[in-house]
Amino acid sequence: MLLQLYLHFPFCKRKCLYCDFVSAAANEQTIAAYCLALEKEIRTMGEKYADAQVSTVFLGGGTPSIVPAPLMKSVLGTLRESFFLLKDAEFTTEANPGTLTKAWLETVMEAGVNRLSLGVQAAQDALLCRIGRIHTFADAEQSVKMAQRMGLGNINADVMYGLPGQTTADYLETLERVCALEVPHVSAYSLIVEEGTPLCRSVEAGEMTVPDDDACAAMTEAGIALLGKHGYHQYEISNYAREGFACRHNIGYWQGAWYLGMGAAAHSMLPPAQSEAEMGAVRLRVANPEDVNSYMVASPDVKREKSLITAEEAMFETMMLGLRMNQGVGERHFEENFGQPITARYGKALESLVRDGLGYWQEHPSGELFFALTARGLLLQNEALLRLMD
Ligand code: SF4
């Protein structure tokens with residue numbers, strides 16, 4: 001079976017004010033202990049999935065680039081010994097400016113990393129400071145140029161909009177400056193003010209204000225236009241790429257690929273065992289413990305939370321994730337997976353989406369029909385999904 005791998009590194013130099021991911025500052029001793037635990041899990045899973053062919057690997061966090069190079073080298077060595085990676089596997093690492101060094105990049109590139117995803121976020125240092133980022137935009141520029149000089153041209157820049165005090169002009173300036181760096185991929189995320197974060201407390205206390213929904217929608221539209229002008233095609237709600245540079249790993253998530261996550265808080269989507277299939281499961285969602293210490297103590301016998309996914313749930317998930325993508329959900333793909341045409345299950349809802357200008361059918365060069373959301377439908381995705389739930 002084809003499998004995608006994800007490794008989670010839950011460490012950052014300092015917590016950003018808006019962040020509710022599983023990540024925290026840690027000393028080198030803790031990071032070393034975590035990497036040992038992670039290697040144990042990698043070996044165990046490698047034995048379990050010995051027949052799998054790995055098509056993509058993603059090192060995420062947190063900030064993988066904070067893990068000292070010798071530790072990372074050891075983790076990736078174990079990964080390569082334990083799994084069969086396809087020759088053309090996409091191998092991404094996330095990294096943050098202010099932590100990325102030439103030596104670190106050399107180490108991971110030697111281990112097979114061929115794609116970099118960098119947290120740039122904004123071009124205005126005052127904005128970066130306001131949201132608690134540890135770096136300046138110049139740091140981000142330096143990181144990109146260093147990677148490019150080292151022959152790593154497949155780079156994604158993460159940017160954010162809807163930041164406190166950010167104007168549309170700020171956001172567009174960020175995109176212009178990111179495009180000028182000639183990175184072939186941009187991910188643009190709208191800030192979500194998550195409960196319990198310092199940013200949320202500042203917003204609630206009236207110390208900071210974030211752009212409202214209309215302002216964010218305007219930023220989204222202006223961003224799509226600007227990126228389009230520079231040759232970046234929107235292929236998913238938040239993702240834009242030049243020809244040939246869409247992220248295969250993330251596309252796998254949206255198209256229902258099997259993936260195995262390792263490390264604290266990592267999630268997996270795997271085929272069910274025989275006994276689980278007999279209980280009606282067509283997929284198995286697995287979550288590793290979020291608590292880093294519990295994970296380190298227990299690995300490799302980590303207590304994983306399993307959820308059985310029925311065909312009905314998997315169908316909805318296929319629509320929910322597939323409709324995030326501009327190409328939409330393929331008729332053939334749906335029928336092959338669920339043994340019934342997409343119109344047999346969702347015909348009425350799809351008709352209503354077409355009628356209201358939120359969705360449409362498109363034929364791909366292969367001849368396969370895909371159902372996709374229109375630009376308006378992508379902006380009103382929740383409304384579209386509600387109709388599919390009826
Ligand atoms: S760098 Fe990313 S993961 Fe780390 S604290 Fe900031 S937002 Fe969270």
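Residues are numbered from 1 along each chain as its sequence is written. Because the model is predicted, local features need pLDDT of at least 70 and side-chain atom pairs count only at pLDDT 80 or more, while totals for chains, interfaces and linings use all residues; side-chain values use heavy atoms, with hydrogens and water left out.

Start with the overall division. The protein chain splits into domain 1 (2-251) and domain 2 (327-390), with bounds from an automatic or database domain assignment. Their C-alpha centres are 30 Å apart.

Next, the interior. A nonpolar core here is a set of buried Ala, Val, Leu, Ile, Met, Phe, Trp, Tyr and Cys residues joined through side-chain atoms within 4.5 Å. Buried means under 20% relative accessible area, exposed over 50%, and partly exposed in between (1.4 Å probe, protein chains only). The largest nonpolar core has 82 residues, and Leu7 and Phe83 touch the most other members. Helix H1 (residues 28-48) gives the most to this core: seven residues. Helices (H or I, at least four residues) and strands (E, at least two) are DSSP runs, numbered from the N terminus. A second, separate core holds 23 residues, including Ala314, Met319, Leu378 and Ala384.

What does Phe83 contact, leaving aside its neighbours within four places in sequence? Its partners are Leu3, Leu5, Ile42, Met45, Gly46, Tyr49, Val54, Leu260 and Met262. Contact means heavy atoms within 4.5 Å.

Now the strands. Two strands pair if DSSP finds at least two bridges between them. Strand E1 (residues 2-9) runs parallel to E2, with eight bridges. Leu7 sits opposite Leu59 in E2. Strand E2 (residues 53-61) is mostly covered, with eight of its nine residues buried.

Strand E15 (residues 369-373) is also mostly covered: four of its five residues are buried. Strand E13 (residues 329-330) pairs antiparallel with E15 through two bridges, and Val329 stands opposite Phe371. Strand E14 (residues 359-363) is antiparallel to E15 too, joined by five bridges. There, Tyr360 has Ala372 as its bridge partner. E14 and E15 make a hairpin with five residues between them. In the turn, Gly367 has a positive phi of about 95°.

Last, the ligand. Around the ligand are Cys12, Arg14, Lys15, Cys16, Tyr18, Cys19, Phe21, Ser23, Gly62, Thr63, Asn96 and Arg133, each with a heavy atom within 4 Å. This shell comprises five nonpolar, four polar and three charged residues. Ala, Val, Leu, Ile, Met, Phe, Trp, Tyr, Cys and Pro count as nonpolar, Asp, Glu, Lys and Arg as charged, and the others, Gly among them, as polar.
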